Structure formats: C-alpha cells, structure tokens
Amino acid sequence: MKKSNVVQPYDLESINIKNWVTKSNILIESTYKLSLQEQRILLIMASKVQPNDETLKTYRFRAKDFIEIVGNKKGTGFYSYLKEIVNGLQTKILTIKEKGRQRNYNWVITSIYEENEGYITLQFHPSLKYLFLELKEKFTSYQLENVVRLNSVYSIRIYELLKQYERLRKRELTLEELRHFLAIEPTKYKQYGHFKSKVLAVAQKEINNKTDIHFEFVEIKTGRKVTSIEFIITGSPALNGVSSTKEKEPELTQSPLELTHNEKENRLQYDLVSLGVKPEKIEWVLSEFTKEQVERNIKYTQDRLIIGDITHPHSYVIKSIQKDYAKASQESKVAKPKKSIRKELVPDFIRETEDKDRVLENPTLKERQELFFKENGTQKDFEEILIRIQELKKTLVLNSKEPTKEEVEKAHELAMQEVLQNMKKDLEKREQAGLKPRLINDFKNKQLREIYQTFLSNQVSNES
C-alpha cells in the first residue's frame, strides 16, 4: 500500500466537537498528570481516531480553531502559551499498570507548532494503539463536546470515570482510589473538606451543567471519617432530548453516516456483551432489528436489572428487543399515567396478550416449570451468570490499581455474597415452580460447586 503524508482536509484544518472519543477502560483508569490545555489537545487528537484506522495517524489542526472552541479570551499571549504546551507534550508520561506490570509511555512521538502558519501537528505514540484502536470490549465512548470545554482537569477525569459506569448507574471509589486516578499528590487537599470543595463540588457543577450525564454523590464513612464516595449517575435532563442532537448532525464533516453507524453499533455490541448475550445472538439481533429498537430495549433491560426485577438479563434483553417492551411500556405510561409498572417483570399489557410467552393467571405446574426454564436458561447459563457476577463485583471493588491483600480478600468476600444471594433467589424460584434444588454435581465449575455445597449446608442449618 502506497503511503502518503497528505491528510484529508477535515483532518488538516477542522476540529469537530461532535466527533466521538473512544478509549480503552485501561486508559481511563490509568495514572497521568496533565494540564487542562494538554488534556484538551490530547482529547481533540483522540476524537480524530476512527474505528477503521489501522494505525494512529498524524493529525494537524489550526491553533485558532482550538482557541475558539475552548473559549479562551486571552488574546495573542495564549498562542505563545499554546506553543510551549505543544512543544512540551513529548515529555509527558502515561503510566499503565496492567497484569502486575507498570509501563511508562510518552503520549506523543510528534509535536510541532508551526508559528507562521498557526498549525499544530501531533501523533500519538504507536505503543498506545491498543488503547484507541481495535477495541472489542471494555471501552468507553463519548462525544468530544462533553469534555473539551470543561475548565477543570479533575472534571474531565471524573467525567470519564463516571461515563465508564453510566450503564450501571453508580460507582463507588475510595478516596485513595479517586486521588490515585486524578493524580493528586499526597500533600494536596489533605483535608477532605478541601478535596470536596476544590475537586468534587467543582466537577459536579461542571459535569451536571455541561455534559450528557448528571451525578450526585454520597459520602461513605468509616467511623466519623469519610473514606469512600458513591457516585449516582443519570443522564443529564437538559441533554436527554434526541431532536436537538439530530438537528446538528448534518454539520459533521467527517463521514457522518458511516461514523454514526459504526460508533452506534460498537456501543450496542458492548452493551449486549455486558448483559451476557452471546456473539451469535448479537449478530442476529443487529441484523434483524433497527438500532433504535435495540438501543431502547437495552436501556429498558438495564433499568430493570438495576431495580432488581430480572436476574437473567441475557435472555430478557433478547425477548425485550423482539417484543419491543420499551416502546410498549412507554405507550402504556402515556395511556395510564397513574399506574406504576416498575416492580413487574413485564408490563401488564404483555401479560394480557395471547402470546405463547405470557404469564398465565393460574398456571399449571408444567406451565410454571416451562416458564422457569424459558426465563432462566440452562445450568450452563446459570453458571455463566454467576461467574460474570463474581468478575463484575471484583472489578467494582479492585478497579485497576495494585490491591492490598486486605482489599483482595474484601473483593472475594463481596463476590461470594453476590453469588450466594443469586443462588438463594434461584432456589426460591425453583421451589415456586415445583422444581427440586440443583444438585451439587450439576455444577461443572469447581469453585461454584464448592460454593453451592456451602450454600446448601447453610440452608439445612437454617431450617433446623
């Protein structure tokens, strides 16, 4: 393939804040210290990386466009400041801790400020390719406009950390973890009150007013000392309308149809994988139904999973997409606004249909058992869910830092509790369906078999 140094016009001169930034979660949870303008420049670079790129390219844009986008009013003096930032970017280090090893990378291998022309030319270090390209899972995407105008380095990092967990609606971090991710020195904001006012409060105000997410936070104390923060994440009320986004889409200069299609499909695939759907089912769903229908029913399933209505999301989301529960639920709320359905497995009108999968008012024993297996899957499905629950719980507790022995033990303990709770729910459902408990030898996974044996022993002890 013939190489060319000629860059497309939109790569040469434009910065489009509607472009998507897609990063590996490893990068989002890494440690680095950058100034506000350095972060903004690197985010603009990241927004120019396309999913179908084979390498990290060299990008070039006008300093004037950058200054206009970030809203800087300091005049010509800012150009000199920007020149210093660009020329110094090659000295900035990114630290990645992965699989017990720590690696240090330079962010860029090319950083040029053309003073006469007012152009900035940059290229990410090739070793960072795996953090931006060929991402199949464990990545986070958002539009550049959500971060490029934030005025605090901490706001940008907190936005990414929360955006990563947007679908789960909450994220808990110890103060130590949060300070680690934000690269705050041990001597800075030592008092929690200062940290709260200078970091958390500033980020909350900025993120809630300027981005597509909204968060509140709860202080978790050990004794009288705040040791952890629980973030409650929701979509921003001001930016939830779809029409305003669609009206602006024609302004895109960067293959808008192809880019929107690819980015949306990547996000849908990621969401379906996180719900436990197998690859062959994902391929079928995306080819059979519109992306809008898939998207709204993924969110519908995630909402019900959060409030505890469903325990097997991988099968429920497929059924939800097929029957478009999300659309039907919305229509039902419009028709009957006073009637709440949040605690139902499926909306009432679904129950009343003549579909084969409906929940009968007076089901026979055989019908209850058929319904159980339809909703809960096979033994293999059950084990896969338990394994994913273990992994997710450990991830939420440990994150990406090097954990202490006590933290590892805590993660294992919490994961065990989650698995035991799901085994208990499963046992109760089997009893309601007139089924006997699962046998210990049914479990193929050795660890789950041992946990289930302990669970059954505890059940016998409690009953006696």
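## Close-ups of a predicted model

**View 1. Helix H4 meets helix H5.** The axes of helix H4 (residues 63-70) and helix H5 (residues 77-88) come within 11 Å and cross at roughly 110°. That puts H4 roughly perpendicular to H5, a label for angles of 65 to 115 degrees. Axes here are lines fitted to C-alpha atoms, for helices over the stretch in contact, and angles run from 0 to 180 degrees between N-to-C directions. On the H4 side, Ala 63, Lys 64, Phe 66 and Ile 67 meet Phe 78, Tyr 79 and Leu 82 of H5; contact means heavy atoms within 4.5 Å. Sorted by class, this contact has six nonpolar, no polar and one charged residues. Ala, Val, Leu, Ile, Met, Phe, Trp, Tyr, Cys and Pro count as nonpolar, Asp, Glu, Lys and Arg as charged, and the others, Gly among them, as polar.

Some ground rules: this is a predicted model, where local features need pLDDT of at least 70, side-chain atom pairs count only at pLDDT 80 or more, and totals for chains, interfaces and linings use all residues. Residues are numbered from 1 along each chain as its sequence is written, and side-chain values use heavy atoms, with hydrogens and water left out.

**View 2. An open sheet of three strands.** The strand order is S8-S10-S9, with antiparallel pairing. At the edges sit S8 (170-174) and S9 (213-222), each pairing on one side only. From one strand to the next, the twist averages 20°. Two strands pair if DSSP finds at least two bridges between them. Helices (H or I, at least four residues) and strands (E, at least two) are DSSP runs, numbered from the N terminus.

**View 3. Helices on that sheet.** Helix H7 (residues 153-163) lies across S8, S9 and S10, at about 90° to S9. Helix H9 (residues 192-210) also packs on the sheet, where H9 touches S9 and S10.

**View 4. Phe 124 in the largest nonpolar core.** Of this core's 73 residues, Phe 66, Trp 107, Phe 124 and Phe 231 touch the most other members. A nonpolar core is a set of buried Ala, Val, Leu, Ile, Met, Phe, Trp, Tyr and Cys residues joined through side-chain atoms within 4.5 Å, and buried means under 20% relative accessible area (1.4 Å probe, protein chains only). Among the residues that Phe 124 touches are Leu 42, Met 45 and Phe 132.

Terms used. Buried < 20%, exposed > 50% of the residue type's maximum accessible area, 1.4 Å probe, protein only. Parallel < 35°, antiparallel > 145°, perpendicular 65-115°, else oblique. Lists of a residue's contacts leave out its neighbours within four places in sequence.
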